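Please look over the sequence and the model before reading on.

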Amino acid sequence: MGIFSLFNSESQKLSFKKVNNFFGVEVFGLPNVRKITDSQIEQLKELISIYGLIVLRNKVTWTEAEQITFTNMLGKLDSPVIYSTTNPSDPKVLKMWPNAQQSGLQWHSDRSYLERPSHLSVFQMVERPSIGNETAFLSLLEVYKNLPDDIKHKWANYHIVYATKKVIHPLFWIHPFNGKETMYFDFRFAEEIVDICSTSKERMTIKDINEVVRVIDQVFTEEKAKYIHVWEQNDVIVCDNYAISHKANLVSKTEESRVLVRSSTEGIYF
């Protein structure tokens, strides 16, 4: 895959190359958050809108303040910076839920349980282990596009109830920025599935719910539009949660720490 430039007429143009044939690009020319210009931020926003994910091979470790600054350039910070680590004694670990490590091993979009789920997630690898340092990313747009028509028709009015906040989001919807049809499903927090157009007062049976989840899990597993990122120290990834799902590959039996710093931008609407 060749290297391209987004704006050929500008001296501050960014170069990039695709990480696979479906989504995602690696961007070159941003060594430090302190040196990012307004023009480069606009280029990054356009690349995210088009490709859903950008990879920055950062040369320095961003401080928490620098990561917040960068995140606010892309949108508006929606929560404190979160440290995800395999070291339970690390004082920066945020106990978001009892099985925080296990939840990262399932396909998910960050902060799906909010009424307005986070739009962008910014990840920085600040402590990289020698093994178990991969994160898989999956295109939700491609998942939707490749669903059989009968499934699309059957699931057209399905909405997912997310347990933590009891909010409801549609399974299928239109991406607010690129106008493409996509889907949204978080295996960690989905508690119930409802058909909003059903005339029946009964909720979907557990059997039916499990069948929908089984099919979605199979589709996610078999979908070819995946990108496996092997983290290097100080790598930064920006991911569009409305277009891309992700999950970690953690190794439980290791003495090495894995510390990933995450910040995110406010959601728009559902």
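Predicted model: local features only at pLDDT ≥ 70, side-chain atom pairs only at ≥ 80, totals over all residues.

Residues are numbered from 1 along each chain as its sequence is written, and side-chain values use heavy atoms, without hydrogens or water.

**Nonpolar cores**

- A nonpolar core is a set of buried Ala, Val, Leu, Ile, Met, Phe, Trp, Tyr and Cys residues joined through side-chain atoms within 4.5 Å. Buried means under 20% relative accessible area, with a 1.4 Å probe and protein chains only.
- The largest nonpolar core has 32 residues. Trp 155, Leu 171, Met 183, Ile 216 and Phe 220 touch the most other members.
- Elements giving two or more residues to this core include strand E8 (158-162) and helix H6 (206-222). Helices (H or I, at least four residues) and strands (E, at least two) are DSSP runs, numbered from the N terminus.
- H6 supplies the largest share of this core, six residues.
- A second, separate core holds 21 residues, among them Val 27, Phe 70, Val 122 and Val 236.

**Aromatic pairs**

- The whole structure has 11 aromatic pairs. Rings of Phe, Tyr and Trp (its six-membered ring) pair if their centres lie within 6.5 Å; planes under 30 degrees apart count as stacked, over 60 as edge-to-face and the rest as tilted.
- Trp 107 and Phe 220 have ring centres 6.2 Å apart and planes at 80°, so they are edge-to-face. They sit 113 residues apart in the chain. Both Trp 107 and Phe 220 are buried.
- Ring pairs join Trp 107, Phe 185, Phe 187 and Phe 220 into a cluster.
- Tyr 144 and Phe 172 are also edge-to-face, because their planes are at 80°, with centres 5.0 Å apart. Tyr 144 is in helix H4 and Phe 172 in strand E10, 28 residues apart.
- Tyr 144 counts as buried at 10% relative accessibility. Phe 172 counts as buried at 13%.

**Helix H1**

- H1 covers residues 38-51, and its end C-alpha atoms are 20 Å apart.
- Buried residues of H1 include Ile 41, Leu 44, Leu 47, Ile 48 and Tyr 51.
- Gly 52 follows H1, and its phi is positive, near 80°.

Conventions:
Buried < 20%, exposed > 50% of the residue type's maximum accessible area, 1.4 Å probe, protein only. Expected span 1.5 Å × (residues − 1).
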